[in-house]
Amino acid sequence: MKMVKSLFLGSAAGLVAMSGAQAADLPVKAKAVEYVKICSLYGAGFYYIPGTDTCIKIGGYLRADLNIHGGAGGAPFWSGDGGFQDRYTNQYNDYARFALTVDTRTATEYGVVRTFGQIDETFATEGVGNSINIGSSIQSAGINGLANPNVAGQGYSGLEFAFIQFAGFTFGKSASAYNTPWHGFPGNNTGYLVGGYDTVTGINNVQYTAQFGNGVSATIGIDDSSENGYNRTQIFNATLIGNPGGVGTPAFTVSAAAAAGAPTTATNSNGNLGFYGSPSSLITSMGTSYSGAFVPDFVGNIKVEQACGLFQVSGAIHDVSPGYWASANTINASTLVGGNNLTGIETFGHPDSKFGGAVSAALQIKNLPTGAGDDIKVEGSWGLGATKYILGTSAPLGGYFAMTKANPNTTAGTIAIGAITDGVYGGWQTPMQAGVQLTRGWGFRGAFNHNWSPEWSSSLFGGIAQISYNDTAKALWCASYSGTQPNGAPLVGIAAPGGHPATPVAGTGFSCDPGFTMSQIGLTTRWTPVKNLTFSSEVLYSYLTTNMKGVASGTLTSSVPQPGGAAATWQYGNVGTTMVNLRVQRNF
């Protein structure tokens, strides 16, 4: 027994020894390496870039968007083929977009250094101007560099934001200091809500923001004034005389008496106005008779933000700088719309520049008794020579609003028009000669946003903008448009310009005024079944009230198949349009 016991204990000891030796040979499990470290300094979603003290957040969204009886981005059919209701119009316009944002932040002894960028990749319905009309869309957009490659396998890119923030300063492409925090979106999907300013896709600028504590701040900024999509619409030159020499000749050759300052009544140019109230669509995206950019826009705001809401007042100074007296509008750097070249136009000088500007006040009210998360956002604006600050949108508007509808009492129909300008000048070497007359405007927009449940919400929103012209501006514009005074009477001291697009029909109470009012109302409904995934629908009604009265004949534009022929008669009146938007968006 003792021998058996000794053998058993000896064997057990050997097994233990062997096991210990084998265990000593096994590798020790290493401590997990933290390749991505969460950065909690700036909110959710930030991570440290490995090996640095810089935090980064990658975000963005994917969106599928459909507009029925409206253009891409929620543009109402208030101009172009859509406004004229011809068969070249795309009755639906859709797009798919992938937006990527990169946000980096680094803590320094001077404060946080931040960079932010956003790039959009978009593919939309084929065609350029929400239609397939070659005459008014593809060619003109191509001339102005606006054509998008919406063809199979392609699409187009857009840089929305690219800026650096340091010690209170912002440098690069960011939102203007004039803007409200919600830009042109108090509760809507459409990017075309009138009544205020909008730089939701960024503008080149430099800003400085001072924080005073308790939610009070002030920002001053310098914005790029050459941005036609944001700060410029157009200056209309009602040049009422021209050179009869023809295509390819110098723009103007005048007699010695005229050169010495004697008035002349020779007329054959009208600034290339169309019946719809704007110069040729070939050149409106170039700012028409604007000069180059000499002075940037100076902007600023004072803001008070509390738990109960926000209040902000903003101001802007805008330089309205015209080109030359003797040239109306140019197709390119050397050719006038009429075909003459620019030789000698500097000899006759130019009107003086004028400063215009805009002011706005915005209010957000939170904690409403109607429900958790409900709020009201409103803003009001007033401007002089700064029409884009009133009409909004982050895209070029062109030079006009125009919509038509059927009318059995005329051969063509009813038309509503409104001229979009920052100023009017002209009448060169005639008794009507006048420098830049700044265009006036005011606007208001807002929304009530209500949450029915955590998944369902709605927004009732609207906007209104009115653009008006002083008596001198009306006289110049109407001499070019209808060859009459604003009241429809014949011109005094000058013959009617040849080629004016509208001929008043006697006995119809014709009167001429390029001003207008655009009114909008809409409803958005959203369903968010899971976090960051939203299905929404929107209905928007836009109504153009024109200041034009009576009946006139003329060709609407040679690029659309208007009814009635070249001598068609049009009744001026008010016209509305309805658009439906359907959208799916996933944020990440």
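Predicted model: local features only at pLDDT ≥ 70, side-chain atom pairs only at ≥ 80, totals over all residues.
1. Basis. Local features need pLDDT of at least 70, side-chain atom pairs count only at pLDDT 80 or more, and totals for chains, interfaces and linings use all residues. Residues are numbered from 1 along each chain as its sequence is written, and side-chain values use heavy atoms, with hydrogens and water left out.

2. Main core. The largest nonpolar core comprises 53 residues, and F275, F401, W477, Y481 and Y572 have the most contacts inside it. Such a core is a set of buried Ala, Val, Leu, Ile, Met, Phe, Trp, Tyr and Cys residues joined through side-chain atoms within 4.5 Å; buried means under 20% relative accessible area (1.4 Å probe, protein chains only).

3. Contributing elements. Elements that each supply at least two residues of this core include β12 (235-238), β22 (456-468), α6 (471-481) and β24 (516-530). Its largest share, six residues, comes from α6. Helices (H or I, at least four residues) and strands (E, at least two) are DSSP runs, numbered from the N terminus.

4. Second core. A separate core of 11 residues includes W325, F348, Y425 and W428.

5. Sheet. Three strands form an open, mixed sheet in the order β12-β19-β20. β12 and β20 (434-438) are edge strands with a single partner each, so one side of each lacks a neighbour in the sheet. β12 pairs with β19 (423-426) in the parallel sense over four bridges, where pairing requires at least two DSSP bridges; F236 has V424 in β19 as its bridge partner.

Notes. Buried < 20%, exposed > 50% of the residue type's maximum accessible area, 1.4 Å probe, protein only.
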